[in-house]
Amino acid sequence: MTKTKFFLPLIGLALAAALCGCSPKGASIVPESEADTRWQAFIHRSSRPAAYDVLSGSLRFGPTNDTRRVTYLLWSSAIEAPSLLDDQGHEPAGLDDADFDAKAPDNARTIRLEVNAGVGANIAKAVFENGQMLLVLPKDQKAYAGAETPDTLRRLLGLPLPMRMNRLNDFLAGRYLSALDVPAPERYLTGGNGNIIYCYKSNGRNYELELDPKALPVRWSVEGRWSLNMAYDEKELPRRLDGTMESDSTEMRMVLLVKERRSAGSLPETSMRLDVPASFAVYSLDQ
C-alpha cells in the first residue's frame, strides 16, 4: 500500500467526503498506519473458519412504527455444486489483501429458513441455493420458486434485508468481509468510541463500513438508504442486527436477534429438503 494510493491531504477531506458519501464524525483523521493495521485485523478475522451453526432467535420487521415479531430457525450445509467464484477466486480487496484466504467458504451452501409466529404456527419455509430460492407459505397454500433477491423477500414476506441470504448466512457465521463484499476502501475517517469509518464504492453506490477497536464491523450503510448496526456475543459472533431502510417513502426496520447457536453436525441430510404439498399452487419468480 502506498500513500498516493490511500492517503488524502487534509485540505481535500471535505470534497472527498462529499464524493464518497462519508461525513467526518471526529476532529481529525486517524493515522494511515492505524487504519491499515485495523483493516488487516478485519481481513484476518474474516478469514477464520466460519461458524455455520444452527441459529435460532427472534426477528422483528415491518414499517418502523408497526413491526411484527416472529421466531426463526436458520441452518445451512455445504453442497456439491459448481464454484460461484470467478477464475481468480473471490478475493475482496482491502488496503492490502495479501493475507486473505481466497479458498475460504463463500456461496456454495444450501440454506434453510423456517419462520414461525408462535408454537406450531409456521409462516414460511424456504431453501436457498446458488442464487435460487423456493419459498413455501403454508397458511396461503402457495409456493414461489426462482431467483432470490432482497426485493423478492421484501415483496413476499415484508422482510427488509440488506443482502441476499447467502451473504447474510456468511455474516452471521463470522465471514464479514466476503458477506459485505468490500472492495478497496477509498478513504477513511475517525468515528466515535475509537471506531474508524471506511468509505468505498461498489456498483455505483456509496458505502460506509465502521470498524470498532477490535476490528468488528459495527455499522454498515448503503447510499444512506440502508443502515445496519451490529452487536456481538462473547465469542465475537453477531447476536443482534438492527437495520433501517427507505422503501416507497416508508421507513422499514429489521431487528434480528441470535438467541442460540447449536452445532449443525447432528442434522440429518433430509433437513435440507423442502417438499411442496401437491395441493399448493406454485408460482415462478422469473416470469
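Me: Which residues have the most contacts inside the largest nonpolar core, and how many residues does that core have?
Reply: The largest nonpolar core has 61 residues, and W39, M165, L209, W220 and M254 are those with the most contacts inside it. A nonpolar core here is a set of buried Ala, Val, Leu, Ile, Met, Phe, Trp, Tyr and Cys residues joined through side-chain atoms within 4.5 Å, where buried means under 20% relative accessible area with a 1.4 Å probe and protein chains only. Apart from that core lies another of six residues, among them L134, V136, L274 and F280.

Me: What kind of model is this, and what pLDDT do local features need?
Reply: This is a predicted model, in which local features need pLDDT of at least 70 and side-chain atom pairs count only at pLDDT 80 or more, while totals for chains, interfaces and linings use all residues. Residues are numbered from 1 along each chain as its sequence is written, and side-chain values use heavy atoms, with hydrogens and water left out.

Me: OK, pockets next. How much space lies in the largest pocket, and which residues lie nearest its centre?
Reply: About 590 Å³ of space lies in the largest pocket, and of its 26 lining residues, P162, M163, R205, Y207 and W220 lie nearest the centre. On a 1 Å grid over the protein atoms alone, a pocket is an open set of points with protein on both sides within 12 Å along at least five of seven lines, and lining residues have an atom within 4 Å of a point. A volume is the space filled by probe spheres set on the points, which are joined across faces, edges and corners.

Me: Which element gives the most to that lining?
Reply: In the largest pocket that is α4, with three residues. By class, the lining of the largest pocket has 13 nonpolar, five polar and eight charged residues, counting Ala, Val, Leu, Ile, Met, Phe, Trp, Tyr, Cys and Pro as nonpolar, Asp, Glu, Lys and Arg as charged, and the others, Gly among them, as polar.

Me: And what about the second largest pocket, how much space lies there?
Reply: The second largest pocket holds about 250 Å³ of space, and R68, I123, A124, L137 and L157 are the closest to its centre among the 16 residues that line it. The largest share of this lining, four residues, comes from β4, and the residues of the lining divide into 12 nonpolar, one polar and three charged.

Me: Switching to α5: why is it largely enclosed by the rest of the structure?
Reply: Because seven of the eight residues of α5 are buried, namely M165, N166, L168, N169, D170, F171 and L172. The helix is followed by G174, whose phi is positive, near 95°.

Me: How many cavities of 30 Å³ or more does a search of the whole structure find?
Reply: The search finds four, a cavity being a set of grid points where a 1.4 Å probe fits but cannot get out. The largest cavity has a volume of about 90 Å³, and its lining consists of L59, Y72, L74, L113, L159, L161, M165, L168 and L256. By class, that lining has nine nonpolar, no polar and no charged residues.

Me: Last one, how many helices and strands are there?
Reply: The secondary structure comes to six helices and 14 strands, taken as DSSP runs numbered from the N terminus, with helices (H or I) of at least four residues and strands (E) of at least two. Buried residues make up 49% of the 287 residues in the protein.

Methods:
Buried means under 20% relative accessible area, exposed over 50%, partly exposed in between (1.4 Å probe, protein chains only).
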